[in-house]
Amino acid sequence: MRFIRFILRNIFRSKKRSLLTFLNIAISLFLFCALDCILSTLKNFIHESEQSLVLVVRDKHSTFMNGGVPLAYVDEIRKVPGVLDLSTNLFVIVQPKKEGEEPIFTISIVPQGIDWMRKDFREIPQDERDAFKKTERTVALVGKQVMDRYGWKVGQMVTVDAANVNARMEVKIVGEVPSGIAADNILLHFDYLSEVLGQPGIAHSITLKIASRDMIPRISSAIDKMFENRPVQTETLTEKAAFSDFMSSFGPIEWIIRIISFLVIISSVSITANAIAMSMRERSREVAVLKSLGFTRRLVLSLILSESVTLASLGGTLGSFGAYFFFAFYGVSLRLGPFSYFVVNPATLAVGIAIAMMIGLLSGLVPAFHAAQLSISNTLRRVG
Amino acid sequence: MNVEGMIKLKNVSKEFMRASERLHVLQNIQLSVGEGEFVALMGPSGSGKSTLLNLIAGIDHPTTGEIWVQETDIARLNESQLASWRCRRVGFIFQFYYLVPVLTAFENVELPLLLMKMSKKNRSDRVMTALKIVGLEERAKHLPSQLSGGEEQRVAIARAIVADPKIILADEPTGDLDAKSATEVMKLLEALNQEFKKTILLVTHDPKAAAYAKKTLHLEKGALVESVSSIYN
């Protein structure tokens, strides 16, 4: 504590250099938190789907939103032991009526599915879910981000057009999806979308509610075997597997994000190390004098490391909290494919600050070690 | 071993390697400085004056020989013990002051006390006393860049005496000062010797500065060649 003033004064000795180093760390940590926030949003979905008692049946030979499972299969699937309930689903991209507006990913489900299909559906207030289930087919639950983006309100009638399909829908909003991926979606009744799209008799997927995770292999195999000699073969997957398959269309996104994050940190360490080393070179005589006053090697090492760790921590805190507040205000409107609602969680914030401290430690280590080892007499030697 | 005197050097030699050449900077030095003495060390450039001072301050190690300071053989102390010993026993004054530019005069003087267990109040009192002795209590909040060369050197002297060491080692303390400031600094060192009974070892090229000492030693080619009372006294 006695040296805090000494440390702070030294940090801001060269204001321009300190400010640039500070900004470099702040920007690096902002990027790190932003990238981690995207990654954790994707991974959260995988993690949640790992726990779910849900299976997805889809057309084995078609890609996402193409082809479909015949509705004629539904009754047979419902009879498979362990299947408690099911929802047929269709997906479509819709466009609000106003031109130039962003498209909205729309999911249609069997109304009862709203109570069990996904975690983010269950976060919709019960009365709004009831309204979705009990009233007529032309009702919709709309994600909070969509509501915010278009200024829509619960109770309002809205008109949207299905993209690439000559179909228009006019629905009444009966509730709002507060968070999760569906916060950027519209949820409709399956029957209504099926009719509007003119695709009677098929579903893009069928979601099953099952009794236990232990039954997954048995149920999957029973269903797929049941339809293996039919015109449309099925593939029954866990929600996680279905999601991972979908994610493969984005390429190795996790690795790309991790490599970029790593390179950002390495770059920050190099720049900070250079700034600290430059500062130490300028102060070598001063360090020698401190040692002549009785400052031990360990103390010199600690003081210099404290300087670099403090500077890096301040920059890292600014960058991490900057990302936190940026995503708190603007993350809700950012989208990556069907994913949105990006928020920097407290764990990412803590990791960001810890990484900043590590940047300070790593970048200060070599200059601090050199300073601690500095020979007083060699540094101060002159002809005499 | 019974050692008389505040500082006692026995058969001290110091060699350096420069490229493949061995340089004999100090050869077989025998020196004894008593408590309260004020000794000037003179000699031409490269004669080993500063090296000798560094050895006595424990910031360099002799190649051979013993260096006893206040009954401690400092050549036997390790780095950490030497650092602690320097902090309490020796005050060092440099030609170029070497104040920390981002710290005020008060904070510069306070530096050695930060290494000691001492309350903030006690630290502050001691710093102000040291600044008062050098006549700069009014300049406590000034940065080195706001002080003249003479004032900077007086702050450096305050820093050297704040921990109340018995020995002050001054390496060309007037070498970078104008005549007026140099006189002030030398009078200050004289007062520290006479009023506060500090033992002072002064390295200088300047005969006028050496005149303040009670004894002058000469170093030539690494050897003490004579020991005389100052002709100016």
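Helices (H or I, at least four residues) and strands (E, at least two) are DSSP runs, numbered from the N terminus. Residues are numbered from 1 along each chain as its sequence is written, chains are lettered from A and ligands numbered from 1 in the order written, and side-chain values use heavy atoms, with hydrogens and water left out. As a predicted model, it is held to a pLDDT of at least 70 for local features and 80 or more for side-chain atom pairs, while totals for chains, interfaces and linings use all residues.

**The second largest cavity**

- A cavity here is a set of points, on a 1 Å grid over the protein atoms alone, where a 1.4 Å probe fits but cannot get out, and lining residues have an atom within 4 Å of a point.
- The second largest cavity holds about 70 Å³ of space; grid points are joined across faces, edges and corners, and a volume is the space filled by probe spheres set on the points.
- Its lining includes A:S292 and A:L293 from chain A, along with B:R86, B:C87 and B:F92 from chain B.
- β6(B) gives the most to this lining, with 3 residues.
- By class, the lining has 8 nonpolar, 2 polar and 2 charged residues, where Ala, Val, Leu, Ile, Met, Phe, Trp, Tyr, Cys and Pro count as nonpolar, Asp, Glu, Lys and Arg as charged, and the others, Gly among them, as polar.

**The largest cavity**

- The count comes to 5 cavities of 30 Å³ or more, and the largest has about 170 Å³ of space.
- Of the 17 residues that line the largest cavity, A:I11, A:S18, A:I276, A:S279 and A:L311 lie nearest its centre.
- Two or more lining residues come from each of α1 (4–11), α2 (15–51), α10 (253–282) and α12 (297–330) of chain A.
- α10(A) gives the most to the lining of the largest cavity, with 5 residues.
- This lining has 6 nonpolar, 7 polar and 4 charged residues.

**Where chain B meets chain A**

- On the chain B side 37 residues are in contact with 26 residues of chain A, contact meaning heavy atoms within 4.5 Å.
- The area buried between the chains is about 2,700 Å², with carbon and sulfur atoms giving 60%; buried area is the accessible area (1.4 Å probe) that two parts lose on being put together, summed over both.
- The rule finds 4 salt bridges across this interface, each a side-chain nitrogen of Lys or Arg within 4 Å of a carboxyl oxygen of Asp or Glu.
- A salt bridge joins the side chains of A:R9 and B:E107 (2.4 Å, N to O).
- The elements giving two or more residues to the side of chain B that touches chain A are α1 (49–57), α2 (79–89) and α3 (105–110) of chain B, and α2(B) has the largest share, 5 residues.

**Salt bridges overall**

- Over all chains, 28 salt bridges are found.
- In chain A, the side chains of A:K133 and A:D130 form a salt bridge (3.6 Å, N to O).
- Both A:K133 and A:D130 lie in helix α5 (residues 126–134) of chain A, 3 residues apart, about one turn of the helix.

Technical notes
On a 1 Å grid over the protein atoms alone, a cavity is a set of points where a 1.4 Å probe fits but cannot get out, and a pocket is an open set with protein on both sides within 12 Å along at least five of seven lines; lining residues have an atom within 4 Å of a point.
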